[in-house]
Amino acid sequence: QAQLVESGGGSVQPGGSLRLSCAASGRTFSNYAMGWFRQAPGKDREFVATISSNGENTDYADDVKGRVTISRDDAKNTMVYLQMNSLKPEDTAVYYCAARWLLDPRQILNGDFQYDYWGQGTQVTVSS
């Protein structure tokens with residue numbers, strides 16, 4: 001059964017860093033585009049970053065560009081990472097990993113409605 005499990009969330013002060021991980025299992029996720037989304041209290045879920053299945057293409061939300069890096073490791077089970085630096089209080093949210101099989105290994109997706117599989121989320125809190 002396909003499963004995405006996020007980890008690495010926590011509490012950090014403004015300006016700090018966190019590295020989120022997403023462990024994908026149950027399918028050959030190396031053929032899947034992957035994405036990170038987040039949802040803050042009282043707000044809609046929003047796009048953060050996406051990476052193609054071949055790892056060559058990425059895209060980021062404007063408000064995280066330059067501070068966030070998405071990467072993946074498909075050596076064994078697929079792992080997807082979100083390195084977040086210079087964190088701000090407005091980055092506080094539950095962060096979700098998502099996956100979608102695509103025929104084109106170069107394709108990326110930045111709409112949450114485009115993804116089929118979702119993790120349970122990991123909380124990130126940025127506060128002094």
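A disulfide is a pair of cysteine sulfur atoms within 2.5 Å. The views below come from a predicted model, in which local features need pLDDT of at least 70, side-chain atom pairs count only at pLDDT 80 or more, and totals for chains, interfaces and linings use all residues. Residues are numbered from 1 along each chain as its sequence is written, and side-chain values use heavy atoms, with hydrogens and water left out.

**View A. The disulfide between Cys-22 and Cys-97.** The structure holds one disulfide. Its sulfur atoms, from Cys-22 and Cys-97, lie 2.1 Å apart. The torsion about the S-S bond is about -75°, so the disulfide is left-handed. Cys-22 belongs to strand 3 (residues 18-25) and Cys-97 to strand 9 (residues 93-101), so the bond ties together parts that are 75 residues apart in sequence. Strands (E, at least two residues) are DSSP runs, numbered from the N terminus.

**View B. Burial of the two cysteines.** Buried means under 20% relative accessible area, exposed over 50%, and partly exposed in between, with a 1.4 Å probe and protein chains only. Cys-22 counts as buried because its relative accessibility is 0%. Cys-97 is likewise buried, at a relative accessible area of 0%.

View C. Four strands form an open sheet in the order 1-3-8-7, with antiparallel pairing. Strand 1 (3-7) and strand 7 (68-73) are the edge strands, each pairing on one side only. Two strands pair if DSSP finds at least two bridges between them. From one strand to the next, the twist averages 15°. For this angle, axes are lines fitted to C-alpha atoms, and angles run from 0 to 180 degrees between N-to-C directions.

**View D. The hairpin of strands 7 and 8.** Strand 7 and strand 8 form a hairpin with five residues between them. The two strands run antiparallel and are joined by six bridges, strand 8 covering residues 79-84. Ser-71 has Tyr-81 in strand 8 as its bridge partner, and Asp-73 is partnered by Met-79 of strand 8.

**View E. Strand 3 against strand 8.** Strand 3 also runs antiparallel to strand 8, and six bridges join them. Arg-19 stands opposite Gln-83 in strand 8. Strands of a sheet pair through backbone hydrogen bonds, either parallel or antiparallel.
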